[in-house]
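Dear colleague,

Please find below the sequence and structure that I am handing over to you. A summary of what was found follows them.

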Amino acid sequence: MKSNSHFHGKVIWITGASSGIGEEMSYQFSKLGAQLIISARNEGKLRRVNAQLPRNPGSAKVHPLDLENLTELPDKVKMAISYFGRVDILVNNAGLAVRDFVGNTSLEIDLKLMNINYLGPITLSKLLLPQFKIQGNGQLVVISSLSGKYGVPKLAAYAAPKHALHGFYESLRSELVDSGIGISLIIPGIIQTEITAHAVLGQGENYGKVETAFKNAYPVEKAVRKIIVAIQQGKEEFYVGGAEGFTLWLNRFSPWLLRRFIRNHPLKKLRVIKKRFGF
Ligand SMILES: NC(=O)c1ccc[n+]([C@@H]2O[C@H](COP(=O)([O-])OP(=O)(O)OC[C@H]3O[C@@H](n4cnc5c(N)ncnc54)[C@H](OP(=O)(O)O)[C@@H]3O)[C@@H](O)[C@H]2O)c1
């Protein structure tokens with residue numbers, strides 16, 4: 001990807017930049033000449049990403065934060081604005097997944113996921129909005145999930161905050177008409193990252209496995225290339241991923257059929273369908 005006038009010089013703040021989609025986004029936005037602020041909890045990993053930026057290695061502002069700790073976020077936002085005097089795009093990408101049944105999941109884990117995947121991102125957005133208003137423009141990018149559109153077994157604590165993101169940002173978008181501030185909700189399918197290895201079980205233990213479906217999933221480089229085009233085009237909602245995207249279509253046109261499809265773990269069924277129809 002070559003330097004592209006749309007992102008050249010833009011200040012882009014990416015959360016969850018220490019691995020997976022956010023890490024790849026940091027590399028691709030760097031190639032496009034953006035000025036980066038990169039956040040996650042693990043400062044060491046952020047420094048590694050910063051050192052590996054393809055254009056001007058070490059040029060990003062490493063800005064560690066913990067989205068679970070909502071009280072630290074106002075200072076973190078002030079500091080982020082102070083680095084370059086503005087923020088043009090906030091990519092709310094950081095997230096934590098869960099793999100457990102509702103009956104096995106403690107309320108602490110529900111709260112943890114709600115903080116990291118919903119309250120943290122909306123807090124950053126709310127605190128940045130006054131700055132966007134001063135600038136007269138800005139873009140909030142939100143990395144949601146298919147779990148933001150429907151629920152499947154063992155993902156309730158993850159699906160709830162992802163659904164909440166849609167309710168919040170769709171309402172906010174309707175308040176921001178003609179403000180110059182855009183909102184892009186990105187819905188990844190199954191993307192090749194280690195998200196399931198980082199996931200938690202219902203009592204907080206680390207899940208620790210990269211599931212087979214994620215090993216052979218949609219390549220993260222390709223997903224990020226498409227996400228960046230969607231951001232540039234100001235898409236309001238954008239799906240990126242493989243054939244599992246058909247579930248969005250099914251959810252819209254026959255939610256009844258989708259519910260039958262997902263009664264058991266849908267990834268197993270998806271593998272059978274992929275084998276049968278050869279995609
Ligand atoms: N991969 C997929 O198939 C897929 C599908 C749908 C949606 N998504 C969404 O895409 C986003 C990125 O996921 P990924 O696949 O790239 O997973 P990942 O590799 O596990 O990346 C998650 C990122 O979030 C950060 N993070 C986790 N907890 C945090 C906290 N409390 N505060 C700040 N940062 C935190 C992690 O860094 P630290 O551990 O250093 O904090 C890491 O950088 C997530 O929102 C996820 O829900 C992914």
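Helices (H or I, at least four residues) and strands (E, at least two) are taken here as DSSP runs and are numbered from the N terminus. The model is predicted, with pLDDT of at least 70 needed for local features and 80 or more for side-chain atom pairs to count, whereas totals for chains, interfaces and linings use all residues. Residues are numbered from 1 along each chain as its sequence is written, and side-chain values use heavy atoms, with hydrogens and water left out.

I begin with the ligand. The space that the ligand takes is the largest pocket. A pocket is an open set of points on a 1 Å grid over the protein atoms alone, where a 1.4 Å probe fits, with protein on both sides within 12 Å along at least five of seven lines; a molecule sits in a pocket if more than half of its atoms lie within 2 Å of its grid points.

There are 30 residues around the ligand, of which Arg-41, Asn-93, Tyr-158, Thr-193 and His-198 come nearest; a residue counts as near if one of its heavy atoms lies within 4 Å of the molecule. The shell divides into 14 nonpolar, 12 polar and four charged residues. In this division Ala, Val, Leu, Ile, Met, Phe, Trp, Tyr, Cys and Pro are nonpolar, Asp, Glu, Lys and Arg are charged, and the others, Gly among them, are polar. Helix H1 (20–31), helix H5 (156–175) and helix H6 (195–198) each supply at least two residues of this shell.

Polar contacts are pairs of N or O atoms within 3.5 Å; within protein, one atom must be able to donate a hydrogen and the other to accept it, and residues adjacent in sequence count only if both atoms are side-chain atoms. An N or O atom in the side chain of Tyr-158 is 2.5 Å from an oxygen atom of the ligand. For a polar side-chain atom of Ser-18 the distance to a ligand oxygen is 2.7 Å, and for a polar backbone atom of Ile-191 it is 2.8 Å. The protein covers 95% of the 880 Å² of accessible area that the ligand has on its own, by the Shrake-Rupley method with a 1.4 Å probe.

Two residues deserve a look for their backbone. Most residues other than glycine have a negative phi. Asn-56, however, has a positive phi of about 50 degrees; this residue is in the loop between helix H2 (43–51) and strand E3 (61–62) and is exposed at 53% relative accessible area. Exposed means over 50%, buried under 20% and partly exposed in between, with a 1.4 Å probe and protein chains only. Lys-154 also has a positive phi, of about 70 degrees. Lys-154 lies in the loop between strand E5 (138–143) and H5, and is partly exposed at 32%.

His-63, in the loop between E3 and H3, is buried at 1% relative accessibility, and a polar atom of its side chain lies 2.8 Å from the backbone oxygen of Lys-76. Glu-68 is in the loop between E3 and H3 and is partly exposed at 29%. Ser-82 lies in H3 and is exposed at 51%; its side chain reaches the backbone oxygen of Met-79 at 2.6 Å.

With kind regards

Notes:
On a 1 Å grid over the protein atoms alone, a cavity is a set of points where a 1.4 Å probe fits but cannot get out, and a pocket is an open set with protein on both sides within 12 Å along at least five of seven lines; lining residues have an atom within 4 Å of a point.
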